Amino acid sequence: MTDHPADPRPRVTASNHSVAIAGTRCGSCGYCCLDDSVLCMACGSTLSPACFSPEGTIWAGTVQRIEVNGRIPPMILAYIDLDEGPRLLAHVTGKVTAPQVGARARLVGTTKEGDPLAEVIC
Amino acid sequence: MNVYVYGVGTTSFGKHPDVPLAKLAEDAVLEALLDAGPGAIEAAYVGTVFGPFGSGQRALRRLGLLGIPIVNVENACASGSTAFHEAFWSIRTGRFKRVLALGLEHLTSRFDGPIAPEATDAEGRSGLSLPALYAMSAARYMACHGLTDRQLAAVTVKNRQHASTNERAQFRTPVTLEQVLSSPMIADPLTLLQCCPLSDGAAAAVLGARRDNPRDVAVLSCVLRSGHLWDYRSKHVWGQDLVSTTAAQAYKHAGITPDEIDVLEVHDAFTIGEIVTLEALGLAALGEGGRLAESGVTALGGTHPVNPSGGLISRGHPLGATGLAQLAEIVGQLRGDQSTRQVQNARIGLVETMGGGVSGIDGNACVITVLSGAAQ
């Protein structure tokens, strides 16, 4: 038995200096998500695989300064609304300060622990 | 069938590492049974988050409350409130005539620091703690609505002041704005004193049909909802829509408006939680909840006192017990029993509890209960 048989985090791919994130898009209502769901969580229709581009806008950010689950603080975290749809939680590189609401950000890959990793771009 | 709270009971709240969970539960249940008066309990609904399997049976065994339906429920921080909700509906629909609702938690035996995020969950696996989730709501409010650090800290100052006369509260020493703001940063902008503590405790209520006892408190409505998706389409911070829609239904069932509420206990696990919740409950317009504690509106003596017990931040937050601890405070207020923290002429009270932690949804559960006592 394993504690965590499947990694539930969004699937970020990085190759040839290109970063993308895998998910699904609903053929009926257009809902986008990063889960590998069977049915659309918004309308129940069937989904198609989708690949989203890495840029988006910071919905909100923080610096987590406590250790949880063995993660060493500080951790810079942000919800990012990708331009093509989904909102995801990402770790953010750079100076230890909360990413500003409304700032532009870009996914750059994953942390060494496998979390989506982004940078603020302006 | 109309539903009444016959009796309530609680332990003191705090760190009780050497007191078994069953003993905490027994103390709360015995107090509630004595408060309710004689009568057979026909069923028990028991809420806990991290308790062992069969928590209700383990808690009630030595009291001999066996051979009845015992239902264990989990709904994150709203587990105790969910137990109460199920107890309420069991009376309301005529299934039983007298039932027990119990909430219990012994966090010090499970954690020595913050509650670990759920690693089977996408955000939990990435290390997102609950303080950080709430911190991002606070950050959003600061950027979009001009919420200030001092307005956040004012919630703690108020609730600590309220708890100072609650002998069962975990933290009874008043604090200043400066102390709150200078305490260690947990998740920007939330400091340590803006976060609820790790707590142990239990709380219970006995509910039944009308029996014309003047100390019984009427339950005007009790509504439970779970959140919809919370994603890129959501315009509000996490949990706000869930509280708002639950409140609308609770007000409709109770036949009241927010202005009629005399006293509230709401889910202030973190300071921003109280601010967002009070907006969702209709006590302030969107983005203006930060002014409530700062201006004294929600303090004892204000027009809408909130968290007279000290709230989760000061009374303590033993997850599964919290909803029933909140309920016990409001029942005491509506009976006029709360001594130096009594809200004068309190007639209508509200309890709101929010449970969260699952990625991508607007809260695991929100329970809102509206209660009415005889005017004092």
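Is Ser339(B) buried or exposed? Ser339(B) is exposed, with a relative accessible area of 59%, and the legends below place this residue among other local features of a predicted model. Local features need pLDDT of at least 70, side-chain atom pairs count only at pLDDT 80 or more, and totals for chains, interfaces and linings use all residues. Residues are numbered from 1 along each chain as its sequence is written, chains are lettered from A and ligands numbered from 1 in the order in which they are written, and side-chain values use heavy atoms, with hydrogens and water left out.

**View 1. Positive phi angles at Ser339(B) and Asn69(A).** Although not a glycine, Ser339(B) has a positive phi of about 55°. Ser339(B) belongs to the loop between α12 and β10 of chain B; helices (H or I, at least four residues) and strands (E, at least two) are DSSP runs, numbered from the N terminus. Asn69(A), also not a glycine, has a positive phi of about 50° and sits in the loop between β5 and β6 of chain A. Asn69(A) is partly exposed at 40% relative accessibility (buried means under 20% relative accessible area, exposed over 50%, partly exposed in between; 1.4 Å probe, protein chains only).

View 2. Pro74(A) is found in the loop between β5 (55–64) and β6 (75–82) of chain A.

View 3. On a 1 Å grid over the protein atoms alone, a pocket is an open set of points with protein on both sides within 12 Å along at least five of seven lines, whereas a cavity is a set where a 1.4 Å probe fits but cannot get out; lining residues have an atom within 4 Å of a point. Grid points are joined across faces, edges and corners, and a volume is the space filled by probe spheres set on the points. The pocket has 27 lining residues, and Leu34(A), Asp35(A), Ala122(B), Ser359(B) and Gly360(B) lie nearest its centre. β7(A) gives the most to this lining, with three residues. By class, the lining has 16 nonpolar, three polar and eight charged residues (Ala, Val, Leu, Ile, Met, Phe, Trp, Tyr, Cys and Pro count as nonpolar, Asp, Glu, Lys and Arg as charged, and the others, Gly among them, as polar).

**View 4. The largest cavity, with a volume of about 100 Å³.** Among its 13 lining residues, Tyr134(B), Trp238(B), Gly273(B), Val276(B) and Thr277(B) lie nearest the centre. The largest share of the lining, four residues, comes from α9(B).

**View 5. The second largest cavity, with about 40 Å³ of space.** Its lining consists of Gly80(B), Ser81(B), Phe84(B), Gly323(B), Leu324(B), Leu327(B), Val351(B) and Thr369(B). Two or more residues come from each of α3 (79–92) and α12 (319–335) of chain B. The cavity lies between domain 1 (3–111 + 200–217) and domain 2 (130–196 + 220–372) of chain B, because both give residues to its lining; the domain bounds come from an automatic or database domain assignment.
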